Amino acid sequence: MPEAKTRRAVARDKREGKSASTQAGEFVREEIEHVREGKHGVQNTKQAIAIGLSKARRAGIDVEPGDSASPEVKKKARKDIAKGRKKTAAAKRPAAKRSAGAKKALKTASKKTAKKAVSRTALSKQAKKAASKRTAADRSAAAKKAARTKGPAKRSAAAKKAARTRKQAS
């Protein structure tokens, strides 16, 4: 179950017209925090991201899997999205044994490797790898949309930060 803080952040992102992937990012962030706190482990960075995306889809955010995703991942994403669209409480409650099994598997994952998997360097490496797979036009379009949906106060802050960065570089 997502935390109230995460649900509020997602609602705010939705109101501001941000993309589904941005909204899902809040769930991924929550999952990374859980791993850092030691609530459970993960084997690698991608697993933490996958858990967050699955939670987002089950919460009703229509995040489509990537084109390069495997058929298994696409099938799981379809199931999660369908589950997110159902509004009954009974439909959202997982089977107790399944839930316990999944929790146990995550708990037994090494905490040491889990911390490495969600470290700043690991997340940075993952982000760079994901970005390198996208075309320049795609990255540019995403940046333009981000600038549009940022809002005047945050746009101003971003411009000031950019100016500071340019000043430091010279």
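Trainee: How many residues does helix H10 have, and what span does it reach from its first C-alpha to its last?
Mentor: Bear in mind that this is a predicted model, where local features need pLDDT of at least 70, side-chain atom pairs count only at pLDDT 80 or more, and totals for chains, interfaces and linings use all residues. Residues are numbered from 1 along each chain as its sequence is written, and side-chain values use heavy atoms, with hydrogens and water left out. Helices are DSSP runs (H or I, at least four residues), numbered from the N terminus, and the expected span is 1.5 Å times one less than the number of residues. H10 covers residues 152-169, and the expected figure is 26 Å, so going by that definition the count is 18 residues and the span, close to expected, is 26 Å.

Trainee: Of the 18 residues of H10, what number is buried?
Mentor: Buried means under 20% relative accessible area, exposed over 50%, partly exposed in between (1.4 Å probe, protein chains only). H10 lies largely in the open, because its buried count is zero.

Trainee: Is threonine 6 buried or exposed?
Mentor: Threonine 6 lies in helix H1, residues 4-15. Leaving aside neighbours within four places in sequence, threonine 6 is in contact (heavy atoms within 4.5 Å) with Glu26, Phe27 and Glu30. Its relative accessibility is 5%, so threonine 6 counts as buried.

Definitions and conventions:
Helices (H or I, at least four residues) and strands (E, at least two) are DSSP runs, numbered from the N terminus.
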